[in-house]
Amino acid sequence: MNYSQVESLMRTGINIFSDGDGVFTMITSAGSVQIVDGVEVEVSGGVALIKGLVREIANRDIDGDYIQFGDKRGIFTSEVPILQGYRVVVDGEQFVVTDPRPVKPTGTVVAYRPILRRVATYG
């Protein structure tokens, strides 16, 4: 089976369903402060843009443990790897990837269907 063709079909389907608004910011690492020549320098965190769509999870799929109320399900292309702990910005709010759920019929990832959980904010 030609998995590059399968990946292309997945990307095409995701592009159709996500319209023109389907680009999300993914934060792969937090920023930090490093000491350079005795001076504190802020280092920005890792950021990537991912293409896809995010939808609500049906109430019947919420089990209270693995999938909780308020979680969302994403469907993204495989162009950028999505790992557990990364954060995805959806409508101005951050959601952490609790399970990246790669779609990979063999060892080749053709898409991601992560479970996203809202990040608690204080302030």
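**A walk through strands and salt bridges**

Let's begin with Val41, which counts as partly exposed because its relative accessibility is 35%; buried means under 20% relative accessible area, exposed over 50%, and partly exposed in between (1.4 Å probe, protein chains only). Keep in mind that this is a predicted model, where local features need pLDDT of at least 70, side-chain atom pairs count only at pLDDT 80 or more, and totals for chains, interfaces and linings use all residues. Residues are numbered from 1 along each chain as its sequence is written, and side-chain values use heavy atoms, with hydrogens and water left out.

Val41 sits in strand β3 (residues 39-43). Strands (E, at least two residues) and helices (H or I, at least four) are DSSP runs, numbered from the N terminus.

Now turn to strand β7 (residues 93-99), which pairs with strand β6 (residues 87-90) in the antiparallel sense over four bridges. Two strands pair if DSSP finds at least two bridges between them. Val90 has Glu93 in β7 as its bridge partner. Two residues lie between the strands of this hairpin, and Asp91 takes a positive phi near 50 degrees there. Strand β7 is also joined by four bridges to strand β10 (residues 115-118), again running antiparallel. Here Asp99 has Ile115 in β10 as its bridge partner.

Which side chain meets that of Glu93 in a salt bridge? The partner is Arg118, at 2.8 Å from N to O. A salt bridge is a side-chain nitrogen of Lys or Arg within 4 Å of a carboxyl oxygen of Asp or Glu. This pair links distant parts of the chain, with Glu93 in β7 and Arg118 in β10, 25 residues apart. Glu93 is partly exposed, with a relative accessible area of 35%, and Arg118 is partly exposed at 42%.

By this rule, the count comes to five salt bridges. Another one of them joins Arg11 and Glu79 (3.3 Å, N to O). Arg11 belongs to helix α1 (residues 3-18) and Glu79 to the loop between β5 (72-77) and β6, 68 residues apart. Arg11 is partly exposed, with a relative accessible area of 27%, whereas Glu79 is exposed at 51%.

Finally, look at Lys72 and Glu56, whose side chains meet in a salt bridge (2.3 Å, N to O). Lys72 lies in strand β5 and Glu56 in strand β4 (residues 47-56), so the pair ties together parts that are 16 residues apart in sequence. Is Lys72 buried or exposed? Lys72 is buried because its relative accessible area is 11%, while Glu56 counts as exposed at 51%.
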